[in-house]
Amino acid sequence: MGKQCTVIGGCGFLGHHLVESLQERGYSVNVFDIKSTFEDKRVNFFVGDLCSKEELLPALQGSEVVFNCASPPPSSNNKEMFYKVNFDGTKNIIDTCKEAGVKKLVLTSSASVIYEGKDIENGNEDLPYASQPINYYTETKILQEKVVLEANSPDFYTVAIRPHGIFGPRDPQLVPTLVETARAGKTKFMIGNGKNLVDFTYVKNVAHGHILAAEKLGKDSPVCGKPYHITNDEPIPFWSFMSRLLVGLKYPPPRYHLPYVLIYYLALFLQLVCWLLSPFVTLKVTFTPMTVALAGTFHYYSCERAKRDMDYAPLIGLEEAIQKTVESYPHLRNPNAQ
């Protein structure tokens with residue numbers, strides 16, 4: 001891989017960690033984002049709209065590889081924004097890469113592109129795309145991944161990385177949301193029997209997978225034009241993982257079980273009520289069929305293809321990753337704990 005690369009969405013959670021990992025390996029990094037949220041004199045920052053070729057082009061010139069990590073947060077329900085960033089923006093990135101002479105494009109996709117709210121156990125990349133995506137994020141991630149992989153050609157190499165359950169230091173969503181829920185006294189219950197295995201992936205391992213993919217891209221490489229699951233390769237019961245984070249931050253773990261089917265249909269009913277009321281009032285609801293499914297079903301994925309084609313192996317095991325994550329949030333520890 002060339003010594004200069006560009007990270008689109010480099011100010012986000014994964015993007016920032018990817019920038020640091022690239023720098024550790026000696027690469028010169030350009031960052032393109034809608035705004036600059038961190039300072040680093042070693043980084044060339046470019047601020048703009050990724051749907052604008054004129055604004056994006058200067059950030060790509062001179063780079064051999066582009067990493068596209070940009071995306072609205074999965075929890076958003078803004079359909080227009082998802083289509084603009086994930087689909088229209090990605091098509092513009094591909095066109096601009098070609099104009100700038102970029103040879104490689106690595107996409108941050110998601111394992112959710114094959115998830116429909118039903119159990120997936122050790123799923124591989126040959127599973128079909130979800131015919132009924134669980135949200136706009138997944139819907140547009142499918143379109144995004146398709147257009148990137150279809151752009152692969154003899155002189156423009158592309159690959160899609162599918163992480164799942166990314167967590168780690170500076171995570172703006174999972175840990176802060178979990179702590180907020182705990183402080184509101186809403187973490188006493190778990191959905192289902194607590195045995196459903198899920199992949200959670202440390203952010204540095206996700207960054208490592210991206211870099212390996214970029215380094216493997218090239219003429220006659222098996223990586224070109226393919227998607228790859230990247231996880232910690234250590235599936236863990238969903239509620240065990242959440243409990244580990246809660247206990248590490250001195251909050252009590254969930255103790256009581258709620259029947260999965262009952263809670264799922266309750267969420268469906270609430271969704272219907274919100275839809276019926278939508279012409280009259282705007283309601284923000286986080287208790288949805290999607291969130292229930294994510295908490296109560298199996299969804300973990302095989303990394304065998306990444307091991308075979310990219311020599312992928314997690315740099316940091318799950319035990320150490322959880323410890324590092326907990327230690328990075330001293331300000332979120334339970335202030336009432338002994």
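Biologist: Which residues of α7 are buried?
Modeller: In this predicted model, the buried residues of α7 are Phe238, Trp239, Phe241, Met242, Ser243, Leu245 and Leu246. Buried means under 20% relative accessible area, exposed means over 50%, and partly exposed is in between, with a 1.4 Å probe and protein chains only. Helices (H or I, at least four residues) and strands (E, at least two) are DSSP runs, numbered from the N terminus.

Biologist: Okay, back to α7. At what angle does α7 cross α11?
Modeller: At roughly 40°, and the axes of α7 (residues 238-248) and α11 (residues 318-327) come within 9 Å. Axes are lines fitted to C-alpha atoms, for helices over the stretch in contact, and angles run from 0 to 180 degrees between N-to-C directions.

Biologist: So is α7 parallel or oblique to α11?
Modeller: That angle makes α7 oblique to α11. Angles under 35 degrees count as roughly parallel, over 145 as roughly antiparallel, 65 to 115 as roughly perpendicular and the rest as oblique.

Biologist: And which residues make the contact?
Modeller: From α7 there are Phe241, Arg244, Leu245 and Gly248, and from α11 there are Leu318, Glu319, Ile322, Thr325 and Val326. Contact here means heavy atoms within 4.5 Å. By class, the residues of this contact of α7 with α11 split into 5 nonpolar, 2 polar and 2 charged. For those classes, Ala, Val, Leu, Ile, Met, Phe, Trp, Tyr, Cys and Pro count as nonpolar, Asp, Glu, Lys and Arg as charged, and the others, Gly among them, as polar.

Biologist: Where else is phi positive in a residue other than glycine?
Modeller: Asparagine 122 has phi near 55°, and so does aspartate 311, also with phi near 55°. Asparagine 122 is in strand β6 (residues 120-123) and counts as partly exposed at 48% relative accessibility. Aspartate 311 is in the loop between α10 and α11, and its 55% relative accessibility counts as exposed.

Biologist: Switching to the inside: how many residues are in the largest nonpolar core?
Modeller: That core has 36 residues, and Val7, Leu18, Leu22, Phe67, Val106 and Met310 have the most contacts inside it. A nonpolar core is a set of buried Ala, Val, Leu, Ile, Met, Phe, Trp, Tyr and Cys residues joined through side-chain atoms within 4.5 Å.

Biologist: Which elements build it?
Modeller: Those giving two or more residues to the core are β1 (4-8), α1 (13-24), β2 (28-33), β4 (65-68), β7 (157-163), α6 (203-216), β12 (226-230) and α10 (304-310). Of these, α6 gives the most, with 7 residues. Apart from this core lies another, of 30 residues, with Val175, Ala182, Phe200 and Val292 among them.

Biologist: What does valine 7 touch?
Modeller: Leaving aside neighbours within four places in sequence, the contacts of valine 7 include Leu18, Leu22, Val31 and Phe67.

Biologist: Now α8 and α9. How do they pack?
Modeller: The axes of α8 (residues 260-277) and α9 (residues 289-296) come within 8 Å and cross at roughly 165°. That makes α8 roughly antiparallel to α9. Tyr260, Ile263, Tyr264, Ala267, Leu268 and Gln271 of α8 meet Pro289, Val292, Ala293 and Gly296 of α9. The residues of this contact of α8 with α9 comprise 8 nonpolar, 2 polar and no charged.

Biologist: And leucine 270: buried or partly exposed?
Modeller: Leucine 270, which lies in α8, is partly exposed, with a relative accessible area of 30%.

Biologist: Last one: at what angle do α2 and α3 pack?
Modeller: About 50°, with the axes of α2 (residues 53-60) and α3 (residues 79-100) 9 Å apart. That makes α2 oblique to α3.

Conventions: Residues are numbered from 1 along each chain as its sequence is written. This is a predicted model: local features need pLDDT of at least 70, side-chain atom pairs count only at pLDDT 80 or more; totals for chains, interfaces and linings use all residues. Side-chain values use heavy atoms; hydrogens and water are left out.
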